Amino acid sequence: MAHEIEIFADGSAGFAAATRPGWHRLGYTAPGPMTAEELLTRSQLAAWNVRKVPVGTVTDPDTGRPVTAEEDFLVVRTNPVTGEPERLGMVGKDYKIVQNEEVAEFLQTLVDESGAIFDTGGSLNGGRRVFVTMRLPEPLMVGGFDRVDLYLAAFSRHDGWGAFTTVATPVRVVCANTERAALRNHASMFKVRHTGHIAGRIAEAREALKLTWRHGEAFAAEAEKLLATPMDLKEFRQFATALHPVPTDAKPVTRRNYELAMRQLELLFTDAPTNESIRGTRWAAYNAVTERLDHRSPVIGRREADIVRAERALLDDHAHSKIKTRAFQLLAA
């Protein structure tokens, strides 16, 4: 993955969280809930002044003649630490900038209506992608004892490659990891393109996000079904094999790694303390998968392990998120 939590020139991180540290142990942790202004300031998302700068006239390297690029614009921000202008991407003339403050303002309306509070915010990939999340006021209680908080996350990109996106995200607080357990109809996701009257589209999306509360109820119902459905070790092994099939012509090293992963999954299902109260159920199987992916799966390469694990938990386009979605679908089928 190319995306990572932004580390600035002074060593600070572009991330802030309320009450609990972030999954990656980076950035600022507030002692309690934050206002929108506090979140933006502490996560260093404030006052970027993201803007479009026309490319203007460039020189053709083959002919040496000037070429006017009237359709092309650079997306530039003011670095919150150095104060220097920085290029984030290139876009066309119809692209509309969404400031980080507008992302928070959009969520602030939901705060006023629902009682939800700001929880995290940060920048990824050198500021090209930003996110703000809020914790909804009432946790879901699966089986009356397994607490699952529901978060609303807003993602915006400044590089021209993605839409303004909101997703409803269930989080299992016992393990302190973020989950995107997608429902079959993906009712928790809404996107707004960076074209046209963006403010009006955000207002439209805000109205549509009333479905989020129904998503929370739907997720709780699905989770309750998983909790109420027994699963023995034989069934779990069948599920794990369907989730992680290994090619028949796999090389010996691939097969050894596969067998190691299967043993680890099995131990999490049968012996993990985090599954103590839900052992022997499909809900325990799902939590075994998420615990292994977010906390036990090895980090290969030279990149800092905490940042890699943060990406696995935070980014909805990470390969691990697709595995979690597939696991939820298999267990809920």
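**Loops, then a helix**

Guide: Thr19 sits in the loop that joins strand S1 (15-18) to strand S2 (28-30); strands (E, at least two residues) and helices (H or I, at least four) are DSSP runs numbered from the N terminus. The model is predicted, so local features need pLDDT of at least 70 and side-chain atom pairs pLDDT 80 or more, while totals for chains, interfaces and linings use all residues. Residues are numbered from 1 along each chain as its sequence is written, and side-chain values use heavy atoms, without hydrogens and water.

Thr19 is not a glycine, yet its phi is positive, about 70 degrees. Its relative accessibility of 48% makes Thr19 partly exposed (buried is under 20%, exposed over 50%, partly exposed in between, with a 1.4 Å probe and protein chains only). Asn49, in the loop between helix H1 (36-42) and strand S3 (51-59), also has a positive phi, near 50 degrees. Asn49 is partly exposed at 44%.

Helix H6 (residues 252-271) has 20 residues and spans 28 Å between its first and last C-alpha, close to the expected 28 Å (1.5 Å times one less than the number of residues). Tyr258, Ala261, Met262, Leu265, Leu268 and Phe269 of H6 are buried. Seen down the H6 axis, these buried residues fall within an arc of 125 degrees, so they line one face (the arc is taken over directions from the axis to the C-beta atoms). Pro252, Arg256, Leu267 and Asp271 are exposed on the other side of H6. The cover over the buried residues includes helix H5 (233-243) and helix H7 (282-296), contact meaning heavy atoms within 4.5 Å.
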